[in-house]
Amino acid sequence: MDSGSSRSVENTVNRVYPGQLVPKMNTSKKMSTLANPPSILEMPREIKKSCRDRQVEITIERIKMAKSIKEKQSNDLEKVAFKRKADGEEKPAGKKEAKMIELDSPLITLPLPHIPLKNIMDVEVKLVYVDEEDVSYEFVKSFMPTGIWPIYRAAEIVYPLRVLNFSIPPQIDKWLQVALKDASSCYRQKKYAVAAGQFRTALELCSKGAALGKPFEASSEDIASVASFIETKLVMCYLRMRKPDLALNHAHRSIVLNPAYFRNHLRQATVFRCLERYSEAARSAMIADYMFWLCGGSEQCISKLIKLYWQAMIEEAITRTESFSVMYTPFATKIRADKIEKVKEVFTKTHPAYVDYIYTDLQGFHMLPQTVDWSSFPPQQYLLTLGFKSKEDGKFLEKVSSRKLPTFTEHKTPFGLLTREDTVRHMETMGKRILPILDFIRSTQLNSSLRACSGVMEKLQYASLLSQLQRVKEQSQVINQAMAELATIPYLQDISQQEAELLQSLMADAMDTLEGRRNDKERVWNTIQKVGRIEDFLYQVEDSFLKTKKLRTARRQKTKMKRLQTVQQS
């Protein structure tokens with residue numbers, strides 16, 4: 001798309017969607033995939049709790065509930081597979097064979113299609129700016145008949161976690177209902193600033209106990225769902241007011257309070273898009289699509305719209321970056337070393353400006369919105385190859401990904417304290433060089449095979465650096481984002497007892513930090529960082545030892561050669 005047509009589209013979108021932020025879309029660079037191109041998609045304050053134990057209890061409940069819902073989905077898939085086998089409805093052999101020969105077929109790079117800006121705005125109108133009237137409760141059991149998944153209609157309540165029990169959703173406090181009704185009325189009249197003020201008042205009522213009709217019988221989980229509903233309304237108001245920076249923390253908190261509701265993640269994606277943080281927007285959209293499927297979403301048109309949004313954010317993330325380029329390789333079988341080398345050769349030919357260092361991500365495989373099908377196991381997977389203009393960036397990423405513990409500080413004295421200059425240098429390294437790359441890698445990777453809290457502890461360590469530099473606002477945003485990711489983890493992957501305990505500790509410490517609690521106990525992520533520093537120090541010692549040993553061996557060989565030459569001459 002040329003600059004003239006791009007401006008024309010943006011002007012059109014501004015007329016059709018006057019209340020939405022429309023950043024300029026960049027189309028200067030293309031992402032490529034290898035062999036057998038996928039089919040193109042159609043274009044159609046968290047309430048602060050006085051006791052952190054409550055949040056830990058909710059986290060435990062989420063782990064149990066997420067395990068239950070994933071087991072149910074797995075059982076449903078097994079039943080479908082059994083029925084297909086009984087009916088003789090095997091999948092077409094051609095499709096299976098195509099997957100098996102992908103890496104053996106000629107490696108061809110093809111640019112992915114550009115998604116028009118208007119299509120992205122259409123998705124936001126249909127799925128993000130929906131004026132819902134009812135609360136989506138995370139832990140309420142459905143009263144609908146077993147086996148019938150409800151349809152997600154535009155302005156209707158969605159109960160994400162449905163199991164076999166029957167119960168009626170709790171009733172909202174009458175005074176809170178009045179406040180929400182008045183705020184919604186102002187929102188519909190496009191009085192967004194007034195509506196935001198009234199939603200903030202409703203949030204205060206909720207924090208004082210006026211959330212549900214029977215406050216003494218209300219569970220903390222149900223109160224959290226009501227608060228999440230108000231937080232997401234504030235997100236919409238601030239987006240309409242073109243203030244995504246104010247919407248950001250509300251988007252994070254809506255997820256902390258109710259991570260199972262897909263629209264919370266999609267609204268966070270929109271906030272990230274408006275802030276031009278496209279990699280994080282892509283990950284939020286990916287999680288939204290997965291949550292929609294996991295919690296029983298059955299309308300394919302909604303899933304297609306979410307995938308379209310996810311695809312657009314990935315494309316925009318690639319075109320905006322200048323330090324690296326990307327290639328995805330589809331595969332079905334175990335990848336051998338010779339295949340990785342073959343992929344690197346193709347990357348070198350197709351991306352000659354980004355070959356100073358080529359990195360292949362083997363920590364977890366990737367999925368693309370064009371081919372992902374959450375109901376199939378396993379879905380189509382891809383190998384991610386990144387090429388860097390700077391060899392230093394690539395080596396640093398390789399070093400970080402190979403560590404057992406997440407830490408970026410390269411201490412020469414691991415037991416010493418950071419000076420202010422060191423803190424500033426490390427913060428810039430993390431914020432500008434490392435975290436953006438890790439965010440991009442995670443935009444097509446639902447979970448990492450390395451560790452359950454991968455990507456979260458790095459952000460919490462980054463927040464510690466911001467705290468040392470007294471950048472309180474940025475620290476708060478980073479911690480809120482990390483908490484949203486922690487709340488979501490139990491739904492994305494199976495976690496061990498040890499990982500569950502780590503998750504609870506990180507969540508509790510993050511809440512303490514946001515509430516300004518000070519105690520003598522170290523934060524979990526700071527402890528991990530110190531251990532990581534020691535690991536890094538030992539790695540440097542080992543590396544230095546190996547280099548010295550190698551140098552000594554080379555010298556011995558050189559001496560032997562000289563002696564041999566002397567003997568031969570004599």
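Reader: Is Asn-264 buried or exposed, and at what relative accessibility?
Author: The cut-offs decide this: buried means under 20% relative accessible area, exposed over 50%, partly exposed in between, with a 1.4 Å probe and protein chains only. The place of Asn-264 is in helix α9, residues 262-274. Asn-264 therefore counts as buried, at 2%.

Reader: What should I know about the model and its numbering?
Author: The model is predicted, so local features need pLDDT of at least 70 and side-chain atom pairs count only at pLDDT 80 or more, while totals for chains, interfaces and linings use all residues. Residues are numbered from 1 along each chain as its sequence is written, and side-chain values use heavy atoms, with hydrogens and water left out.

Reader: How many helices and strands are there in the protein?
Author: Helices (H or I, at least four residues) and strands (E, at least two) are DSSP runs, numbered from the N terminus. Of the 570 residues, 52% count as buried. The tally is 18 helices and five strands.

Reader: What separates the C-alpha atoms of Asn-264 and His-250?
Author: Asn-264 belongs to α9. Along the chain, Asn-264 and His-250 are 14 residues apart. Their C-alpha atoms are separated by 9.9 Å.

Reader: Why is strand β3 described as largely enclosed?
Author: β3 spans residues 324-331. On one side Phe-324, Val-326, Tyr-328 and Pro-330 are buried, and on the other Ser-325, Met-327, Thr-329 and Phe-331 are buried.

Reader: Which residue in β5 stands opposite Tyr-328?
Author: Two strands pair if DSSP finds at least two bridges between them. β3 and β5 (residues 381-388) pair in the antiparallel sense over eight bridges. Opposite Tyr-328 stands Leu-384.

Reader: How many salt bridges does a search of the whole structure find?
Author: A salt bridge is a side-chain nitrogen of Lys or Arg within 4 Å of a carboxyl oxygen of Asp or Glu. One of them joins Lys-307 and Asp-289. The search finds 15.

Reader: What is the N to O distance between Lys-307 and Asp-289?
Author: Lys-307 is buried, with a relative accessible area of 9%. Asp-289 is also buried, at 1%. Their side chains meet in a salt bridge with an N to O distance of 2.8 Å. This pair links distant parts of the chain, Lys-307 in helix α11 (residues 300-320) and Asp-289 in helix α10, at a separation of 18 residues.

Reader: Which residues are linked with Asp-439 in a network of salt bridges?
Author: Asp-439 forms a salt bridge with Lys-459, the closest N and O atoms being 2.9 Å apart. That pair links distant parts of the chain, Asp-439 in α14 and Lys-459 in helix α15, 20 residues apart. Asp-439 is buried at 11%, and Lys-459 is buried at 4%. The network links Asp-439 with Arg-442, Lys-459 and Glu-485.

Reader: What is the phi of Gln-470?
Author: Gln-470 lies in the loop between α15 (456-468) and α16 (472-492). Gln-470 is exposed, with a relative accessible area of 69%. Although Gln-470 is not a glycine, its phi is positive, at about 60°.

Reader: Where does Glu-276 lie?
Author: Phi of Glu-276 is near 60°, a positive value in a residue other than glycine. Glu-276 counts as partly exposed, at 42% relative accessibility. Its place is the loop between α9 and α10 (278-294).

Reader: At what relative accessibility does Lys-560 count as exposed?
Author: Lys-560 is part of a positive surface patch with Arg-552, Arg-555, Arg-556 and Arg-563. Patches are made of residues with over 30% relative accessible area and no salt bridge, like charges being joined within 9 Å and nonpolar side chains (Val, Leu, Ile, Met, Phe, Trp, Tyr) within 5 Å. Lys-560 sits in helix α18, residues 524-569. Lys-560 counts as exposed at 58%.

Methods
Areas by Shrake-Rupley, 256 points an atom, 1.4 Å probe, with all protein chains shown as cover. Lys, Arg positive; Asp, Glu negative; His and termini not counted. Charge placed at Lys NZ, Arg CZ, Asp CG, Glu CD.
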